[in-house]
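Here is a brief report on one protein chain.

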Amino acid sequence: MTRWLRRPIVWLPVTVTLLGLVAWRTRPWEAGGLLATLDAAPLVLAVALNGAVVVLWAVRSADLLGAAGRPVSIRPLIPMTALANTINALTPGSVGELLRLYLLRQRHGVDYPTGTAVVLIERVVAIGYLAGSAAIAWATHLAGLPGALAVIGFVVLAVLPALVYALGIRPSALIAALPLGRVMGRERWLRIAASLGRIDATIGGLLTEPTRLAIFATTTTLIMVTYTAQLLLVARATGVTLDPLVAWGALGLSITVGVLSFLPFGLGATDLVLATLLGSLGVEPPAAAAVVLGYRLTTTAPLALLGSLSYGYVSATLPAGGAADAMRQASLGLDGPESDVTP
């Protein structure tokens, strides 16, 4: 299903349709006057903040890897995480993470179960933080509640993953209980189930350790704060003033929809939701169009460029076997005999 949605013959017309709806909703042709009067300084600062985003990605990953007993310095993780996030946005099944797992193993000795545990935390838990915090922020706005209540909700959300594991809820146990032995072969399925157990144990150990969870939640929060700051800067450049908490709610919800849409970079889906939510805040359609377009130009485009440059660097220094071998080995790494699995 995901692979089909990623085919250009499917996503291209869907994206064009959604962008058409954005154009109909926001009437960007009326934004010409606004674009001509944009304040360049906030836009330049918004672009510069992309550097903070890629560094924070690497800092978060480095801390988790170090806590899992596989320390990797921040510097080599910057191009890896930038490349992985760009490829993930363009391909189904988080293919960029497969390449990252391979590079971590070949260059830094990170076994696949440990690398997979770290990647799952960075992607699944972080997306849960993004969607949950945005929903809390927007619900607080709709209900007219004080922002302090949203902050309390954010704290509860931050400790929720640790609570899940502390209660003994294990996602791997649910997967391992599936009757897939008949399809994949009993011995192969047992190896996969054992690897899943090790991955789950690593995730549980990282999420239930207070310091580690606090650092992960803090770095993830800083990333989300940076996203919000970029939106506020773009809005300011167009003469629009937004409340930071409400801005995060609108942006976080639109990013979540973009992720769930399976469209490359969420193009169309993210834009339509963000424009609609900005409109509900009283932002005039032409101004909303300028904000949406400006946000894309100052965030999506520079991060994609950084990912592309990282691809050039990583490709030039890729271990023998190349990217194709990277994908194959990483996809087999959880259960193949060559996986160097460690207890």
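The protein chain exposes about 16000 Å², and carbon and sulfur atoms supply 71% of that area. The model is a predicted one. The chain holds 16 helices and zero strands. Of its 343 residues, 46% are buried.

**The core**

In soluble globular proteins, nonpolar side chains tend to be buried together. Here the largest nonpolar core has 73 residues. Y129 and Y227 have the most contacts inside this core. Helix α7 gives the most to the core, with 12 residues. What does Y129 contact, leaving aside its neighbours within four places in sequence? The partners are L157, A158, P161, L213, F216, A217, T220 and M224.

**Salt bridges**

The count of salt bridges comes to seven. Three of them are listed here.

| Pair | Closest N to O distance |
|---|---|
| D63 and R212 | 2.7 Å |
| E209 and R212 | 4.0 Å |

Take the D63 and R212 salt bridge, at 2.7 Å. D63 lies in helix α4 (residues 40-67) and R212 in helix α12 (residues 210-237), so the pair ties together parts that are 149 residues apart in sequence. Are these two residues buried or exposed? Both D63 and R212 are buried.

E209 has 30% relative accessibility, so it counts as partly exposed. R212 has 16%, so it counts as buried; the cut-off for buried is under 20%. Salt bridges that share partners also join E97, R100, E122 and R123 into one network.

**Helix α5**

Helix α5 spans residues 74-90 and includes R75. T81 is found in helix α5 too. Why does T81 count as buried? Its relative accessible area is 1%, and buried means under 20%. The T81 side chain has polar partners in the backbone. A polar atom of this side chain lies 2.8 Å from the backbone oxygen of L77. The T81 side chain also reaches the backbone oxygen of I78, at 3.2 Å. Not counting residues up to four places away in sequence, T81 touches V54, W57, A58, S61 and R100.

R75 is exposed, because its relative accessible area is 71% and the exposed class starts over 50%. Where does R75 sit relative to A58? The two are 17 residues apart in sequence, and their C-alpha atoms are 7.6 Å apart in space. A58 is also one of the residues that T81 touches.

**A nonpolar surface patch**

Some nonpolar side chains sit on the surface. L145, L149, I152 and V156 form a nonpolar patch there. Together they have about 360 Å² of accessible area. I152 is found in helix α8, which covers residues 147-166.

Terms used: Residues numbered from 1 in each chain as written. Predicted model: local features only at pLDDT ≥ 70, side-chain atom pairs only at ≥ 80, totals over all residues. Heavy atoms only, no water. Patch = residues over 30% accessible without salt bridge, like charges linked within 9 Å, V, L, I, M, F, W, Y side chains within 5 Å. Areas by Shrake-Rupley, 256 points an atom, 1.4 Å probe, with all protein chains shown as cover. Helix = DSSP H or I, 4+ residues; strand = E, 2+ residues; numbered from the N terminus. Buried < 20%, exposed > 50% of the residue type's maximum accessible area, 1.4 Å probe, protein only. Core = buried A, V, L, I, M, F, W, Y, C linked by side-chain atoms within 4.5 Å. Contact = heavy atoms within 4.5 Å. Polar contact = N/O pair within 3.5 Å; in protein donor to acceptor, adjacent residues only side chain to side chain.
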